[in-house]
Amino acid sequence: MDYYILTLFPEMVIQGLNASIIGRAKEKGILNIEAVNIRDYTKDRHQKVDDYPYGGGAGMVIQAQPVYDAFLAVKERIGFPPRTIYVTPQGKTFTQEMAKEFAKEDVLVFLCGHYEGVDERALEETVTDYVSIGDYVLTGGELPAMVMIDAISRMVPDVLTNEASGMFESFEGNLLEYPQYSRPYEWNGKTVPEALLSGDHQKIANWRREQSILRTKKRRPDLLAQADLTIREKAVYQVYEIGKKD
Ligand code: ADE
């Protein structure tokens, strides 16, 4: 997977994606992450990339020319028009499902805005997906791009060394993950649930499934309404479809 991040702050994204699992996947050549400095493409002799918004208002707008030329440089290098994500609070909210979907691409381009945004005409010419990481506003698109790259990269084959760790986890079937325990058996006066010590795989699986459902019901009832549950589970855990309370 090759990522290209169009940004005014390349050092921020490169530093942030160099550590831990993503850093290791880069070293192994499974991921390639390149930051493209939008400022390198400006034709302004003072290296300016932004200007006042037409119609007035606070803040500055990143101009179309440097953004479009930075995009064209990437497109020419790879030889086809890439899937291009503009990170913006005005986008569709990013989910685990979307992370899996994006992980199927060979190349992804992220465009990070700043200030009051990017000239709409450059967006119209380049962007395929408008994506937000949640209903709050950040100062720029770099952190959201890093969040998405992290979540997408976990879904790229061979990035997670322990294959199983990507298999059952939170959001699988719209359920949260069950609680985990490690040694010692007793800590701070608390012991590990007996079902996990039984060595009986079916019993352990049943206990974990129950914990997942109970945890989702308590912490994310909105998610549970869409979870993959059997009719029996729906009855036992009293899960009702929204709008059909009785
Ligand atoms: N840029 C600023 N805030 C954002 C958000 N919540 N998601 C994506 N990009 C953003």
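D158 sits in the loop between α6 and β8 (helices are DSSP runs of H or I with at least four residues, strands are runs of E with at least two, and both are numbered from the N terminus). This is a predicted model, with local features needing pLDDT of at least 70 and side-chain atom pairs counting only at pLDDT 80 or more, while totals for chains, interfaces and linings use all residues. Residues are numbered from 1 along each chain as its sequence is written, and side-chain values use heavy atoms, with hydrogens and water left out.

Back to D158: its phi is near 80 degrees, a positive value in a residue other than glycine. P184 is also placed in the loop between α6 and β8 (186–187), and a cis peptide bond with omega of about 5 degrees joins R183 to P184. S20 is another non-glycine residue with a positive phi, near 55 degrees. S20 belongs to helix α2 and, at 59% relative accessibility, counts as exposed (exposed means over 50% relative accessible area, buried under 20% and partly exposed in between, using a 1.4 Å probe and protein chains only).

## Around I21

I21 is found in helix α2, which covers residues 20–27. With 33% relative accessibility, I21 counts as partly exposed. Leaving out residues up to four places away in sequence, I21 touches V159 and L160 (contact means heavy atoms within 4.5 Å). I21 and D150 are 129 residues apart along the chain, yet 8.9 Å separates their C-alpha atoms.

## Aromatic pairs

There are 3 aromatic pairs in the structure (rings of Phe, Tyr and Trp, the last by its six-membered ring, pair if their centres lie within 6.5 Å; planes under 30 degrees apart are stacked, over 60 edge-to-face, and the rest tilted). One of them is the tilted pair of Y3 and F110, at 6.3 Å centre to centre with 40 degrees between the planes. Y3 comes from strand β1 (residues 2–7) and F110 from strand β6 (residues 107–112), so this pair ties together parts 107 residues apart in sequence. Both Y3 and F110 are buried.

Y68 and F71 make a stacked pair, 6.4 Å centre to centre with 20 degrees between the planes. They are 3 residues apart in helix α3 (residues 64–78), so about one helical turn separates them. Y68 is partly exposed at 29% relative accessibility, whereas F71 is buried, with a relative accessible area of 5%.

## T126 and its contacts

Which residues does T126 contact, leaving aside its neighbours within four places in sequence? They are Y68, F71, T84 and L111. T126 lies in helix α5 (residues 120–126) and is buried, at 6% relative accessibility. Its side chain reaches the backbone oxygen of A122 at 2.9 Å (polar contacts are pairs of N or O atoms within 3.5 Å; within protein, one must be able to donate a hydrogen and the other to accept it, and residues adjacent in sequence count only if both atoms are side-chain atoms).

The residues surrounding the ligand include V87, T88, P89, V131, S132, Y136, V137, G140 and P144 (a residue is near a molecule or strand if one of its heavy atoms lies within 4 Å of it). Backbone polar atoms take part too: a nitrogen atom of the ligand is 3.0 Å from one of I133. For G134, a backbone N or O atom lies 3.2 Å from a ligand nitrogen, and for L138 the corresponding distance is 3.0 Å. Alone, the ligand exposes 260 Å², and the protein buries 96% of that (areas come from the Shrake-Rupley method with a 1.4 Å probe; for residues, only the protein chains shown count as cover).

G141 sits in the loop between β7 (129–132) and α6 and is buried, with a relative accessible area of 4%. Not counting residues up to four places away in sequence, it touches V87, C112, G113 and H114.

Helix α6 (residues 142–154) has 13 residues and should span 18 Å, and its end C-alpha atoms are 19 Å apart, which agrees (expected span is 1.5 Å times one less than the number of residues). Among the buried residues of α6 are P144, M146, M148 and I149.

D200 caps the N-terminal end of α7, with a side-chain oxygen 3.1 Å from the backbone nitrogen of Q202. The buried residues of α7 are I204, W207, S212, I213 and T216, and they pack against α8 (221–224) and α9 (231–236).
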